[in-house]
Amino acid sequence: MTDELRLRFPLTDPDALRSLRAGQRLRIDGQVIGIRDATQIAMFDRGQKPTMSLTGAALIHTAPNVRKLADGRYEKICIGTTTSARMNRFTRGLLAQYGARAIIGKGGLLADSLPVLREFAGVYLAICGGAAALETTQIEAIEDVEFEELLPECLWKFRVREFGPLIVAMDAHGNSLYETVRDEARRKLEELSARV
């Protein structure tokens with residue numbers, strides 16, 4: 001599974017990601033929606049509904065470094081990715097209520113998100129930590145922003161080209177690279193302990 005796939009977001013087929021398997025690599029064209037803790041708290045805890053569509057979207061956990069221009073648009077400076085686990089509780093709502101299908105971040109979601117990904121044909125895509133400079137070059141433009149009062153933790157619409165490489169770390173079949181690595185590490189520790 002070393003071939004790199006290309007996908008365009010937003011997806012029009014809600015089941016399009018069911019064919020992906022943990023370990024596959026891909027790049028994204030089209031749109032990626034930036035989202036962060038404060039935005040999701042506003043959406044789910046305060047009931048503030050965005051007008052930006054998340055249907056079929058790939059979401060990325062980010063709070064970008066940007067500059068506001070005189071015409072009101074935003075210019076990218078550096079757009080990196082943050083750790084996802086602390087936003088785990090929003091996974092079901094993003095997929096069930098808003099129709100998102102992919103979440104991009106670092107470190108993975110918690111294991112209780114695997115049944116949610118399976119139910120809604122979603123995936124978690126891992127991006128290499130420390131790759132903000134590369135990510136920024138792959139974002140062609142900031143097309144829209146909502147919840148500006150939460151800057152920089154707004155809802156951002158980025159136009160992207162060849163965004164990645166990303167790794168399918170959690171798929172819609174209950175597979176998780178994080179669980180696999182943990183189990184393998186535990187097995188090796190048990191082997192080492194038995195030798196001592």
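Modeller: First a term: buried means under 20% relative accessible area, exposed means over 50%, and partly exposed lies in between (1.4 Å probe, protein chains only). This is a predicted model, where local features need pLDDT of at least 70, side-chain atom pairs count only at pLDDT 80 or more, and totals for chains, interfaces and linings use all residues. Residues are numbered from 1 along each chain as its sequence is written, and side-chain values use heavy atoms, with hydrogens and water left out.

Biologist: How many salt bridges does the count come to?

Modeller: A salt bridge is a side-chain nitrogen of Lys or Arg within 4 Å of a carboxyl oxygen of Asp or Glu. Go by that rule and the count is 18.

Biologist: Which residue forms a salt bridge with Arg6?

Modeller: Look for a partner whose closest O atom is 2.8 Å from an N atom of Arg6. The partner is Asp29.

Biologist: What is the N to O distance between Arg159 and Glu143?

Modeller: Arg159 is partly exposed at 33%, and Glu143 is partly exposed too, at 38%. Their side chains meet in a salt bridge, N to O, at 3.2 Å.
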